[in-house]
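Please walk me through this model in the viewer, one selection at a time. I would like to know what to pick next and what is found there.

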Amino acid sequence: MIYQNKIILLTAPSGSGKTSITRYLLECFPDKLAFSISAATRPPREKEKNGIDYYFLSQEDFNIKIREDAFAEWEMVYDGKYYGTLKSELQRIWNKQQIPLLDIDVKGAIHVKKQFPQSLGLFIMPPSVDELKRRLYTRGTDSDESIRARVNKAKYELSFKDHFDHVLLNDDLEKACIEAKRLVENFISS
Ligand code: 5GP
């Protein structure tokens, strides 16, 4: 399997434009890349579907998977909410002769990079913490309290950017997408 153990990690503080870049890359390389669907214990947002956006699990089922060693990594990303990458999900994608694209938090991405050093780690930088706050408010999917938590976490996460292969500044989404596409193209053909 030519892509076995190849992974693309897209990580960033929440609100940095990571989801838009993920979607763009999946559209650019529909045959080569596949979105890695994470397990999560938070409730689905409107329009989110189980098995498409996430595998939505109860805390109990998530704990069972931890005990079974079913995760490549897992984190409590926000207060009491757990997210994790299932080993079976990575293998499902490699079996289709594709490369998993992981949109995961910074600590999780560092774990994956350690286990799969040949993976491509991209860190998306927001232009500033104020801009990040503004984007989270504009997105309108989070409560004030959740935004406060995300901004505090973002400040901490920014200090880990040097663990990744490339840092992409997202002050202009189109530019960041084009740069990400170039790096992924090189990685696929390497
Ligand atoms: P949201 O709740 O907005 O969908 O995601 C919250 C955060 O969890 C995002 O930063 C997202 O990248 C991260 N995340 C999603 N899936 C995983 C995962 O499998 N593992 C880890 N560590 N973080 C994840």
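The model is predicted. Start with the pair of helices α5 and α6, which are roughly antiparallel to each other. To see them, select residues 129-139 for α5 and residues 144-157 for α6; the two pack at an angle of about 150 degrees, with axes 10 Å apart. An angle over 145 degrees counts as roughly antiparallel. The crossing of α5 past α6 is right-handed.

Now show side chains at this contact. On α5, pick V129, L132, K133, L136, Y137 and R139; on α6, pick D144, I147, R150, V151, A154 and K155. Coloured by class, the contact of α5 with α6 shows seven nonpolar residues, five charged and no polar ones.

Next, select residues 18-28 and residues 173-189. These are helix α1 and helix α7, packed at an angle of about 50 degrees with their axes 10 Å apart. That angle makes α1 oblique to α7. The crossing of α1 and α7 is right-handed.

For the side chains in this contact, take S20, I21, Y24, L25 and C28 from α1, then L173, A176, C177, I178, A180, K181 and V184 from α7. By class, the contact of α1 with α7 holds 10 nonpolar residues, one polar and one charged.

Stay on helix α1 and select T22, which lies in it. Is T22 buried or exposed? T22 counts as buried, because its relative accessibility is 4% and the cut-off for buried is under 20%. To see what is in contact with T22, leave out its neighbours within four places in sequence; L10, F35, L101 and D103 then remain.

Turn to the aromatic rings. How many aromatic pairs does the structure hold? There are eight. One to select is Y156 with F160, an edge-to-face pair whose centres are 5.2 Å apart, with 75 degrees between the planes. The label edge-to-face applies because planes over 60 degrees apart count as such.

Check the exposure of both partners while they are selected. Y156 is partly exposed, with a relative accessible area of 46%. F160 is also partly exposed, at 21%; the buried class would need a value under 20%.

For the last stop, select F62, F71, W74 and Y82 together. These four residues form one aromatic cluster.

Terms used: Residues numbered from 1 in each chain as written. Predicted model: local features only at pLDDT ≥ 70, side-chain atom pairs only at ≥ 80, totals over all residues. Heavy atoms only, no water. Axes fitted to C-alpha atoms, helices over the stretch in contact; angles between N-to-C directions. Helix = DSSP H or I, 4+ residues; strand = E, 2+ residues; numbered from the N terminus. Parallel < 35°, antiparallel > 145°, perpendicular 65-115°, else oblique. Left-handed = near helix turned anticlockwise from the far one by under 90°. Contact = heavy atoms within 4.5 Å. Nonpolar A, V, L, I, M, F, W, Y, C, P; charged D, E, K, R; others polar. Phe/Tyr/Trp six-rings, centres within 6.5 Å; stacked < 30°, edge-to-face > 60°. Buried < 20%, exposed > 50% of the residue type's maximum accessible area, 1.4 Å probe, protein only.
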